[in-house]
Amino acid sequence: VTSAEPSYGAAVLITGAGGTIGAELSRQIAAHAPAHISLLDNGEHALYRIDLEFAENWPELSRRAILGDVRDAERLAVVFAREQPELVFHAAAFKHVPMVEGNPNEGVLTNVMGTANVAQACQSADVRVMVQISTDKAVNPTSVMGATKRIAEMICQGLSLSSSNCRFVTVRFGNVLGSTG
């Protein structure tokens, strides 16, 4: 790390770290030298790939690759207790509109319930900030995927009003070139 690069000095956890958006967030965060980075994904191959990239590009960075699913609240509780993140970037989601249209129950389980699980884990673990990665399709949604992401935003908005220990922030991305979603 050069002196021109700021160090956040915080422990950071990224859900969906092996995905297109999660992996890019992970790279950007690594460049700012966090104290520790936890890469969480339910896809073994995607997680393995991003972990290998970290080993090559940031070998000195404290990190852990964690297989886990945001749908599993008990697993998240264990991960958050062990990793003790201060900042959480929640990028795990189903983002491909036709796939979620054809499998709406899976979209709800991951995008809505998964977000609720991550948000609850953030509150329970005294995380300072959770950044919910959303989509422009959450604006006046016309698809199941857009609706699930809007509900996820609403969960975070509601918690931001009632949470005294965790700040909930939502960021909307438009279409991302090269995204798997």
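This is a predicted model: local features need pLDDT of at least 70, side-chain atom pairs count only at pLDDT 80 or more; totals for chains, interfaces and linings use all residues.
Student: Why are helices α5 and α6 called roughly parallel?

Tutor: Start with the angle: α5 and helix α6 (residues 144-162) pack at about 15 degrees, with their axes 9 Å apart. Angles under 35 degrees count as roughly parallel, so α5 and α6 get that label. As for handedness, α5 passes α6 in a right-handed crossing. Residues making the contact include Val108, Asn111 and Thr115 of α5, and Met145, Thr148 and Ala152 of α6.

Student: Why do we give an angle and a distance for such a pair?

Tutor: Because two packed helices are described by the angle between their axes and the distance between the axes.

Student: Let's look at Asn111, then. What makes Asn111 count as buried or exposed?

Tutor: Asn111 lies in helix α5 (residues 104-124). Its relative accessibility is 0%, and buried means under 20%, so Asn111 counts as buried.

Student: How do you know that the side chain of Asn111 makes a polar contact with the side chain of Thr148?

Tutor: The distance for that pair is 2.9 Å, and the cut-off is within 3.5 Å. Leaving aside neighbours within four places in sequence, Asn111 is also in contact with other residues, among them Ala93, Phe94 and Lys149.

Student: Nice. Why is the aromatic pair of Phe54 and Trp58 called tilted?

Tutor: The count comes to one aromatic pair. Phe54 and Trp58 form this pair, at 4.8 Å centre to centre and with 50 degrees between the planes. Ring centres must lie within 6.5 Å to pair; planes under 30 degrees apart would be stacked and over 60 edge-to-face, so the rest, where 50 degrees falls, are tilted.

Student: And what makes Phe54 buried or exposed, and likewise Trp58?

Tutor: Phe54 has 0% relative accessibility and counts as buried. Trp58 has 16%; the limit is under 20%, so Trp58 counts as buried too.

Student: What about phi of Gln84?

Tutor: Gln84 has a positive phi of about 45 degrees although it is not a glycine. Gln84 sits in the loop between α3 (73-83) and β4 (87-90).

Student: Where is Asp126 found, and why is Asp126 called exposed?

Tutor: Asp126 is in the loop between α5 and β5 (129-135). Its relative accessible area is 54%, and exposed means over 50%, so Asp126 is exposed. Phi of Asp126 is near 55 degrees, a positive value in a residue other than glycine.

Notes. Residues are numbered from 1 along each chain as its sequence is written. Side-chain values use heavy atoms; hydrogens and water are left out. Helices (H or I, at least four residues) and strands (E, at least two) are DSSP runs, numbered from the N terminus. Buried means under 20% relative accessible area, exposed over 50%, partly exposed in between (1.4 Å probe, protein chains only). A polar contact is a pair of N or O atoms within 3.5 Å; within protein, one must be able to donate a hydrogen and the other to accept it, and residues adjacent in sequence count only if both atoms are side-chain atoms. Contact means heavy atoms within 4.5 Å. Rings of Phe, Tyr and Trp (its six-membered ring) pair if their centres lie within 6.5 Å; planes under 30 degrees apart count as stacked, over 60 as edge-to-face and the rest as tilted. Axes are lines fitted to C-alpha atoms, for helices over the stretch in contact, and angles run from 0 to 180 degrees between N-to-C directions. Angles under 35 degrees count as roughly parallel, over 145 as roughly antiparallel, 65 to 115 as roughly perpendicular and the rest as oblique. A crossing is left-handed if the near helix is turned anticlockwise from the far one by less than a right angle, and right-handed if clockwise.
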